[in-house]
Amino acid sequence: MGIHLFWDSRVPVGLSRPVSEELSAVLEMPVSRIDDGIFPLEGFDPVRNQYDAVKVLLKLDMFRRRMPQIFKPADMDLEFYNKFNHLHEKILLVTPGDLYEPLADFVFGLAYPKLGVAIVSPHRLQNEFYGKYADDSALIDRIVKEGAHEIGHLFGLGHCDNPGCIMYCPRNLDELDRKRKYFCGKCRVQLNGDTLEDDLFS
């Protein structure tokens, strides 16, 4: 099973390496990087000037099915991968489009756990959106936090009520910035597939 960071080249490619390295450290899992292509976005709403994140994720799943050689483990048979294992390869797309979902005015990112795909947009994560000076360090930090959050959903984690935990759901950029790049103890145990001590005696 792998985690693949699909970095749309319309987002500055120079940031993809530090983001993938920090994501790997936060998740404590290897993260591979694909950063030499442009992903065609679906679901543009001209009234909102935004992209429907759900439609983009459906397109990403279709792309993954049509291009298995990009995501398939090298030692795995292609037919076996297509039939049984493609959903185990988690894909995070980083794309420049401003995103929304039907129940929200905007989203920093979104995950579709049943398909194993997630998306993050730097559009509202960059200082320039708020009329501030550009800051690559802040942008990398925010993409890592939001990316790890969405990948956590792909592994079955829900939202956490600990405001410092990666799995806390921020309502705005300030809350995202206040989060730390770590999973709280409960979420880390769930991510690792371990059993909580409380569960052993219940």
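Me: Which residues is Arg-188 in contact with, leaving aside its neighbours within four places in sequence?

Reply: Contact means heavy atoms within 4.5 Å. By that rule, and leaving aside neighbours within four places in sequence, Arg-188 is in contact with Val-26, Leu-27, Glu-28 and Phe-183. This is a predicted model, in which local features need pLDDT of at least 70 and side-chain atom pairs count only at pLDDT 80 or more, while totals for chains, interfaces and linings use all residues. Residues are numbered from 1 along each chain as its sequence is written, and side-chain values use heavy atoms, with hydrogens and water left out.

Me: Where is Arg-188 found, and does it count as buried or exposed?

Reply: Arg-188 is found in helix 7. Helices (H or I, at least four residues) and strands (E, at least two) are DSSP runs, numbered from the N terminus. As for accessibility, buried means under 20% relative accessible area, exposed over 50%, and partly exposed in between (1.4 Å probe, protein chains only). Arg-188 has 15% relative accessibility, and therefore counts as buried.

Me: What lies 3.3 Å from a polar atom of the side chain of Arg-188?

Reply: The backbone oxygen of Leu-27 lies at that distance, 3.3 Å, from a polar atom of the Arg-188 side chain. A polar contact is a pair of N or O atoms within 3.5 Å; within protein, one must be able to donate a hydrogen and the other to accept it, and residues adjacent in sequence count only if both atoms are side-chain atoms.

Me: Why are the buried residues of helix 7 said to line one face of the helix?

Reply: The buried residues of helix 7 are Cys-187, Arg-188 and Leu-191. Seen down the axis of helix 7, they fall within an arc of 100°, so they line one face. The arc is that of the directions from the helix axis to the C-beta atoms. What covers these buried residues includes helix 1.

Me: What is the phi of Glu-28, and is Glu-28 buried or exposed?

Reply: Glu-28 has a phi near 60°, a positive value in a residue other than glycine. Most residues other than glycine have a negative phi. Glu-28 is placed in the loop between helix 1 and strand 2. The relative accessible area of Glu-28 is 58%, so this residue is exposed.

Me: Which residues of the largest nonpolar core touch the most other members?

Reply: A nonpolar core is a set of buried Ala, Val, Leu, Ile, Met, Phe, Trp, Tyr and Cys residues joined through side-chain atoms within 4.5 Å. Of the 36 residues in the largest such core, Leu-23, Leu-27 and Phe-183 touch the most other members. Helix 5 (136–154) is one of the elements that supply at least two residues of this core, and helix 5 gives the most, with seven residues. Apart from this core lies another, of 19 residues, among them Phe-6, Ile-34, Leu-41 and Val-107.

Me: Why does Asn-127 count as buried?

Reply: Asn-127 has 11% relative accessibility, and therefore counts as buried. The place of Asn-127 is in the loop between strand 9 and helix 5. A polar contact of 2.9 Å joins its side chain to that of Arg-142.

Me: How do you know that the span of helix 2 agrees with what it should be?

Reply: The expected span of a helix is 1.5 Å times one less than its number of residues. For the 14 residues of helix 2 (residues 53–66) this should be 20 Å, and the end C-alpha atoms are 20 Å apart, which agrees. The buried residues of helix 2 are Ala-53, Val-56, Leu-57, Leu-60, Asp-61 and Arg-64. Seen down the axis of helix 2, these fall within an arc of 145°, so they line one face of the helix.

Me: What makes Pro-40 partly exposed?

Reply: The relative accessible area of Pro-40 is 45%, so Pro-40 is partly exposed. Pro-40 is found in the loop between strand 2 (31–37) and strand 3 (44–45). Pro-40 and Leu-60 are 20 residues apart in sequence and 9.1 Å apart in space, C-alpha to C-alpha.
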